[in-house]
Amino acid sequence: MLIGELAERAGTSTRTLRYYEAHGLVHPQRSANGYRVYDEAELRVVREIRALLDVGFGLDDVRPFVACLRAGNASGDVCPDSVLVLRRKLAEVDEYLDRLGAVRQQLHTQLTHAIAHREEACPRRRASAP
């Protein structure tokens with residue numbers, strides 16, 4: 001298939017495919033007239049790349065998954081290098097969640113304090129509130 005068809009089937013743009021190619025992630029064949037020609041395996045690779053990027057992986061993180069697919073595996077996440085990336089990414093997400101939990105707690109405490117202070121500073125407002 002030509003680059004336009006691959007882009008359409010993968011739900012991306014030809015520019016994005018060229019970007020992936022420039023980073024060594026997608027490997028088209030070249031026809032006699034120089035057109036990029038892709039097989040079904042490249043469609044699987046592009047879909048894997050897009051799925052990983054959509055959940056926050058970077059292009060360098062994607063490389064082991066692509067290599068795993070190119071090695072003939074049914075999934076890009078079954079190889080040891082892919083598992084390492086998954087573990088690292090999960091640890092990053094857990095760290096983000098911990099930080100967000102701390103921020104949430106701080107905001108909750110600050111809001112509770114602000115409401116209490118407001119009620120102390122403006123007792124009429126509390127009495128006249130419905």
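Glu21 is partly exposed at 21% relative accessibility, where buried means under 20% relative accessible area, exposed over 50% and partly exposed in between, with a 1.4 Å probe and protein chains only. Glu21 forms a salt bridge with Arg30, with the closest N and O atoms 3.7 Å apart; a salt bridge is a side-chain nitrogen of Lys or Arg within 4 Å of a carboxyl oxygen of Asp or Glu. Arg30 is likewise partly exposed, with a relative accessible area of 49%.

The model is predicted: local features need pLDDT of at least 70, side-chain atom pairs count only at pLDDT 80 or more, and totals for chains, interfaces and linings use all residues. Residues are numbered from 1 along each chain as its sequence is written, and side-chain values use heavy atoms, leaving out hydrogens and water.

**Salt bridges**

- By the rule given above, the count comes to 10 salt bridges.
- Side chains of opposite charge can pair when their charged atoms come close.
- Glu40 and Arg9 meet through their side chains in a salt bridge, at 2.8 Å from N to O.
- Because Glu40 lies in helix H3 (residues 40-54) and Arg9 in helix H1 (residues 3-10), this pair ties together parts that are 31 residues apart in sequence; helices (H or I, at least four residues) and strands (E, at least two) are DSSP runs, numbered from the N terminus.
- Glu40 counts as partly exposed at 44% relative accessibility, and Arg9 counts as partly exposed at 35%.
- A salt bridge also joins the side chains of Arg99 and Glu95, at 3.1 Å from N to O.
- Arg99 and Glu95 are four residues apart in helix H5, so about one helical turn separates them.
- Arg99 is partly exposed, with a relative accessible area of 46%, and Glu95 is partly exposed at 45%.
- Asp61, Arg88, Lys89 and Glu92 are linked in a network of salt bridges.

**Disulfide**

- The count comes to one disulfide, defined as a pair of cysteine sulfur atoms within 2.5 Å.
- A disulfide is a covalent bond between the sulfur atoms of two cysteines.
- The disulfide joins Cys68 to Cys79, with an S to S distance of 2.1 Å.
- The link of Cys68 and Cys79 is right-handed, with 80° about the S-S bond.
- Cys68 lies in helix H4 (residues 59-70) and Cys79 in the loop between H4 and H5, so the pair ties together parts that are 11 residues apart in sequence.
- Both Cys68 and Cys79 are buried.

**Helix H5**

- H5 has 42 residues and reaches 61 Å from its first C-alpha to its last, close to the 62 Å expected at 1.5 Å a residue; the expected span is 1.5 Å times one less than the number of residues.
- Ser82, Val85 and Lys89 are the buried residues of H5.
- These buried residues of H5 pack against H4, where contact means heavy atoms within 4.5 Å.

**Nonpolar surface patch**

- Val93, Tyr96, Leu97 and Leu100 form a nonpolar patch on the surface, with about 390 Å² of accessible area together.
- Patches are made of residues with over 30% relative accessible area and no salt bridge, like charges being joined within 9 Å and nonpolar side chains (Val, Leu, Ile, Met, Phe, Trp, Tyr) within 5 Å.
- Accessible areas come from the Shrake-Rupley method with a 1.4 Å probe, and for residues only the protein chains shown count as cover.
- Val93 lies in helix H5 (residues 80-121) and is partly exposed, with a relative accessible area of 35%.
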